[in-house]
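Reader: I'd like to learn how to read a strand and its neighbours in a model like this one. Could you walk me through it?

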Amino acid sequence: MASRSDSGGNPWVAVRPGEDIAVLARQMSSAHQSFVDDIRTHGSTVRSVVLDSWMRSRTKGVDPDGGNDTPALTGPDLERYRNGHPMSIIRPVIRKLLVEDASDTGLLVAISDAEGRLLWVEGDSAAKDRALTMDFAEGVDWSEESKGTNAPGTALAVDHSVQIFASEHFSRSVHEWSCSAAPVHHPTSGHILGAIDITGGPRVAVPEVLSLVRATVAAAESELRLHLMNSPKSLGDTAPRLEVLGSGRPGLVRSSGRIPLSQRHAEILLLLGEHPEGLSSDHLAVLLDEHELDSVTIRAEMSRLRKTFGTAGLASRPYRLVGELSSDVGDIRRALDRGDVDAALRIYSGPVLPGSSAPGIEEIREELRSRMQAALLRLGDPVLLAQWTSSIHGRSDVVAWEAYRSTLSRDSALYGQVSARIDLLDRDLGI
């Protein structure tokens with residue numbers, strides 16, 4: 001039997017003029033159940049764009065009762081990522097055209113990156129709270145691969161504006177919602193930068209809303225074009241980010257997600273970041289191993305690293321980074337440079353590559369710890385000193401414990417506890 005998209009009209013529109021929303025909702029619910037149960041009776045009521053998306057969702061292993069739980073970006077990581085993303089440039093345009101009038105309407109406006117991760121979700125506060133039950137929140141991955149058929153994820157998958165109505169969503173938790181979304185493109189390369197989405201009740205699936213989203217995308221792309229004329233830096237080329245603090249596995253964060261790194265590759269990238277002028281294979285070998293690695297081993301490691309980092313990002317003779325590479329180590333240094341010790345301490349989740357014995361890494365690790373300690377001692381804030389001395393970095397730091405004790409009243413019980421800790425450290429360290 002022919003699908004709805006084959007019977008005339010715009011296949012990207014969910015609810016066509018004159019259609020009964022209640023009847024359509026029942027048809028879609030029945031078709032979805034049939035598809036999930038693998039009963040071949042859904043073709044006459046399901047648009048081809050939706051059916052194709054359902055097939056992709058099933059092939060990717062998406063659970064219609066749960067979706068795929070991919071890690072969400074939260075806190076400082078989300079803030080840092082979205083503020084550096086090119087979609088942040090057009091957020092003011094989107095807010096003016098869509099968000100400002102969305103309060104008390106039951107509507108949400110979402111902005112995603114090119115992989116479907118929601119960067120901002122704004123609009124009606126009650127709807128925003130209710131949407132949390134389906135995990136529709138900032139930092140969450142709403143790609144088809146993660147959540148199945150949905151407007152922003154499907155728009156990115158097919159590179160076209162699209163509406164998804166009620167049970168057309170692959171995940172049952174989203175069946176109470178409808179959405180309209182369209183991708184946003186780089187003004188010169190045409191690459192997808194992200195998507196703009198309106199989510200709400202059934203009225204979101206009418207043609208007028210899709211037209212509104214498409215008009216907003218046109219205005220946003222014009223803004224990007226103007227920005228590009230005034231800025232020599234191309235859009236969408238956000239710097240990769242190296243994460244090396246703490247006991248977790250080091251990683252490289254790109255717009256597509258986090259790539260786990262071996263300790264050796266993390267060591268090399270951090271050392272190259274410390275030496276923008278470049279390092280010869282001999283110099284790099286000395287920084288990686290006090291007994292010196294041979295140049296053949298270095299070349300082999302660099303060849304493997306290029307497969308992860310990208311050939312265009314690494315140059316040879318000498319080995320050096322091409323372009324920017326940010327890191328959590330750099331974030332701490334910048335916070336200390338501007339005197340924001342509180343922010344530096346929040347970022348300092350652990351020592352630099354604590355499992356590494358590479359001489360060059362040990363030097364970076366000690367330099368960062370010493371700078372952090374010096375800043376805390378200079379500031380003398382009892383709250384920050386308490387945090388430092390209770391952390392893995394400062395629990396054996398006698399100087400910091402003494403500085404913390406100096407901020408306390410001698411009559412307080414805490415003064416006695418800190419003094420006992422200092423005495424214990426003195427005995428352990430043979431002071």
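Author: Gladly! Let's start with strand E1, residues 108-113: six of its six residues are buried, so the rest of the structure largely encloses it. Buried means under 20% relative accessible area with a 1.4 Å probe, protein chains only, and strands are DSSP runs of E with at least two residues, numbered from the N terminus. This is a predicted model, where local features need pLDDT of at least 70, side-chain atom pairs count only at pLDDT 80 or more, and totals for chains, interfaces and linings use all residues. Residues are numbered from 1 along each chain as its sequence is written, and side-chain values use heavy atoms, leaving out hydrogens and water.

Reader: Which residues of E1 are buried on one side, and which on the other?

Author: Leu108, Ala110 and Ser112 lie on one side, with Val109, Ile111 and Asp113 on the other, and both faces are covered.

Reader: How many bridges join E1 to strand E2?

Author: Two strands pair if DSSP finds at least two bridges between them. Here five bridges link E1 to E2 (residues 118-123), and the two run antiparallel. Val109 sits opposite Glu122 of E2. Four residues separate E1 from E2 in a hairpin, and Gly116 in its turn has a positive phi of about 95 degrees.

Reader: In which sense do E1 and strand E5 pair?

Author: Antiparallel again: E1 and E5 (residues 192-200) are paired over six bridges. In that pairing, look for Ala110, which stands opposite Asp197 of E5.

Technical notes: Buried < 20%, exposed > 50% of the residue type's maximum accessible area, 1.4 Å probe, protein only.
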